[in-house]
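Dear colleague,

Please read them alongside the coordinates.

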Amino acid sequence: MARQHGSFWSYVAGCTAVAVFILLLPVNARAQPQESSREALVHEAGILNQAVQRITNWRTPGTQVAAKDLLQRRARVLSDLLSLDPAQAIRFALPSGVAEAIGRQSGHGDLIEAWGTWDGTINIVIEDDFQRNTSRSRIYLRTESGTTELVLPDPHSPVRQNERASISGLKVQQRIAVTAIRSAGVEPGLESCSATGPQNIAVFTVTTPDYPVLPSIYNPAVLKFYLFDSARDSLNAFWLANSYGRTGATGDVFPIELPNYSCDQPFTQEQFLAAIRGRVDLTRYSHLSFIQPDMKCPPDGVLAWSTLGCVQQATPEGSVTMASMQWFWARNYQSASAFSQIVAHELGHGLKMSHANLLGFADGPLGRLETPGADYEYGDNFSTMGSTWGPTMGSLPKGHYAAPHKARLGWLAPGEFQEVTSSGTYTVAPFESTTGIRALRILRDASTGSWLWIEYRQPLGADYPDPATIFWRNASSNVFAGALVHYESPFTPSLNRSYLLSMAHPMPAWDFWQSGDPALLPGQSWSDPYSPLTVTVNSATKTGLSVTVQYNDGCAAIQTPSIVLAQQGGEGTIKVLAADSCSWAVASEAPWITMSGPGPVTGPGLIRFEVSANDEAKQRTATIQAGRQSATVVQAGTGLSLTGFGPGSGMGSVGEFTFDFQSPDGFAEKLVDIHFGSNDECTVQVDLERGRTNPRDERNCAVVPEATAFRGSATDLHVTLGLKFENLLVLGGTHRIFVDIQGDNRTRISAGSWTVPRNDAEVPMITSIVTAGGPGQISQNKWIEIRGSHLAPSGTSDSGVSWSGTSEWPAGDLPTELAGVRVLVHGKPAYIAKVNPTQIYVLSPLDDAIGAVPVQVIMEQTASAAFMVTLNPSSLTLLHVGATEYILATHADGRRVGPSSLSSELYEFAPAHPNELISLYGNGCGLPVPAVPEGSPDPLGQLAETPTIHIGGSAALVQFAGMISPGLCRIEITVPDLPSGDSIVSISAGGGATFDAGLLTVEQP
């Protein structure tokens, strides 16, 4: 459809019965149905369905009037039920043929539900009910013919403001029970308004003949002072302090008089535009705030509404502008200052922030990685986006917005907060300061993109504890004495909210007037039971907070960090490495995972478990914990599933990402959106059916065609996506990666994180680490390839510098420094074979560590950021013939194994024969027996563990497996009896997972 040129107000054109400010918000004039009425609605819907289906002739004079009343009543009941329980409403829907016949015969087809698909633009409004401490996100589809409220099967389904979408479902009056969403992305030009720079606000105070005067606090001069003045209590001063001078509030107040209206007979958009025509240029303003007479239309406690960011708005001149919109009842608050604080909350929504909540867990400050926690609405009493109501109608929080919110707004920029991914001691300046590091973003788990944010609040400015702020009722709180901690995770109920953690109480008995003591105090430590992270607060002074972060994996290490299982379910195993004296326990809270075997284990062992069938369309994810480490279990659903991704984490201005998809019914009409950043800083839509991509925002990222590929089968697809992050270099920082699956199982899945540098300064930068013939995992004594930029001194040619040109070459010694470049793996020097500006080839050092370890490139005194990889005891991979899928193998006479078409002047290729002895060549083979010294040029000897080889599904007899040179081994096998052609070679070693290594050509004699 064509781009929409109506305004957000056009939602209500032609709508009936609307609650407050009908011209903006299409909801019923009655109170929204409550949960307690669900049972009554179900009962009534059943009775009305029976009554409708008993009518055989809709056209008799006596039937027509009663029939209309009956259909109106049924439509109202079904619409109310749909808002509470869309699945139940769908159950009461008439069969399509019956519904069409009744609509045609009765002449009231507009009162009959209909299945269909509608194209339009999604808009989101947040409704705040402060008295009951609840809110609702109202989602609407705006089309050329009007507006309809959308009721999603999952309230946390990922939808975005101004997203163009095709909506399928059941429509009842002005509501749709959504069964599928197909996104076309946010239209260019409809992105959210900027949160930096002056925010120009138009405030409209509405009066009518029946309501000629608003309370005195809404006098234009008073409003201007409390909103736009530089006085301490003003919105302008609050935003300037919160944004460290990046954002302020300016604007105008316009009294307007409109004809009388009511909840049932609202005034129209045309009346509003006529009232301001020639007086107000709406294109000058990025926020439109309306204060209207308090007509007591909505439920008690609903004080205000706001769009989540900007939406389209028509102007009197017929053009279109972008602005957020807020609506307020003109209640008689205790002061204009109190009202300005509600304005700060609602305009926070206008800047695209949702609420500041408390996250609670039964067994401590945090639960398992995949556990969302109990979501306490408005539970953060220390943020303006938190609790906003008091017993005196306006005892509101005027505390700073939380650090996660500020970072999303661009108010807390990289360099003003520090990302922590390694152990160390860090200092945090007071959150209210204008200089220094004002927050820490501490990695909890890289694979899920989970972080802790630490702030240090002090009684300064907007956080000063007096009656103008929330802190007067928390005078005894420890909020100023230690670390205030917020949580960021893809498993939290909402990505736009911030979540405060209570570090002192496992599950607080929440009281909105006394928030308790949430801070972690000096001398206190918190050790995460579900990850290696420990946080200790050392000291707190007026000038800063000292925090020590430590990552300690414990004595048990999971060798298999993730497992993917089929929809049908089945058994799985996870190998755990541990010292003989190490005792560790296994646990999982997922009801669909059944653990088997003994309880606590001492020494190394296997975790055995069974997974039940997943009958849902969506995939599901859980973790199994051993000690303080977790393995992720992903199970495909009956619909499209993401079954794997990589690299999990990394850094660079360019990146290469892989995604594995599984779809039992094929990939026809299957779309996914891949997002980088919680605010969709970069979005790429992937058409899985056609094998093509479409960047949604060319300003921030661009697809690299030569690094993008699709390969797979009818039900399994491997996607490689190359991306250049254009203007994200300005934003910098670590961005979470999400995959949105479109269609009837629409869901958002976390796929790791990626760090984008703030600029292209010539410092070493690692973007990926790969190994010869295998995935990115590494092990000791393995050749690896480090990719990135500025990996060699300026002036180094693209061909680079090789070990063969050094003084160590004649003696066979492996250098740890080449052309002034060194590489550290887990702090130990690696052995370097070749260096060029974009690649370094190194042999990893001997290291018994297991799990995530950092890799750094050091050039003179400049070091790259740490790039995290998983270190395994062994990770055998087979070498390939160049860039082909064929593994490197040789006959006894020295010829290479493969199809004869690969032959060249240098090498002759010939297929292998059944029962022939051939040699394969591997990398990452582990250590020989007996062990060799570090950096030995001749590490000869048999491998400690013999690998298992299968060709075409048949076991190959391994005759010999041993080291032949640094990092490389030879495996001699007898080829099994196989038919002629290419067969898949699979390999496993050291008890690890079996994986396909490549192809081998076999020919029957």
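The second largest cavity is lined by Val203, Leu223, Leu227, Ser289, Ile291, Phe328, Phe339 and Val343, where a cavity is a set of points on a 1 Å grid over the protein atoms alone at which a 1.4 Å probe fits but cannot get out, and lining residues have an atom within 4 Å of a point. Two or more of these residues come from each of α5 (220-228), β8 (287-292) and α8 (336-350), helices (H or I, at least four residues) and strands (E, at least two) being DSSP runs numbered from the N terminus.

The model is predicted, so local features need pLDDT of at least 70 and side-chain atom pairs count only at pLDDT 80 or more, while totals for chains, interfaces and linings use all residues. Residues are numbered from 1 along each chain as its sequence is written, and side-chain values use heavy atoms, without hydrogens and water.

Of α8, 15 of 15 residues are buried (under 20% relative accessible area, with exposed over 50% and partly exposed in between; 1.4 Å probe, protein chains only).

There are two disulfides, each a pair of cysteine sulfur atoms within 2.5 Å. Cysteine 555 and cysteine 582 have their sulfur atoms 1.8 Å apart, and their link is right-handed, with 65° about the S-S bond. Cysteine 555 is partly exposed at 46%, whereas cysteine 582 is buried at 3%. The other disulfide joins cysteine 925 to cysteine 969, is left-handed at about -80°, and has both cysteines buried.

Best regards

Methods
On a 1 Å grid over the protein atoms alone, a cavity is a set of points where a 1.4 Å probe fits but cannot get out, and a pocket is an open set with protein on both sides within 12 Å along at least five of seven lines; lining residues have an atom within 4 Å of a point.
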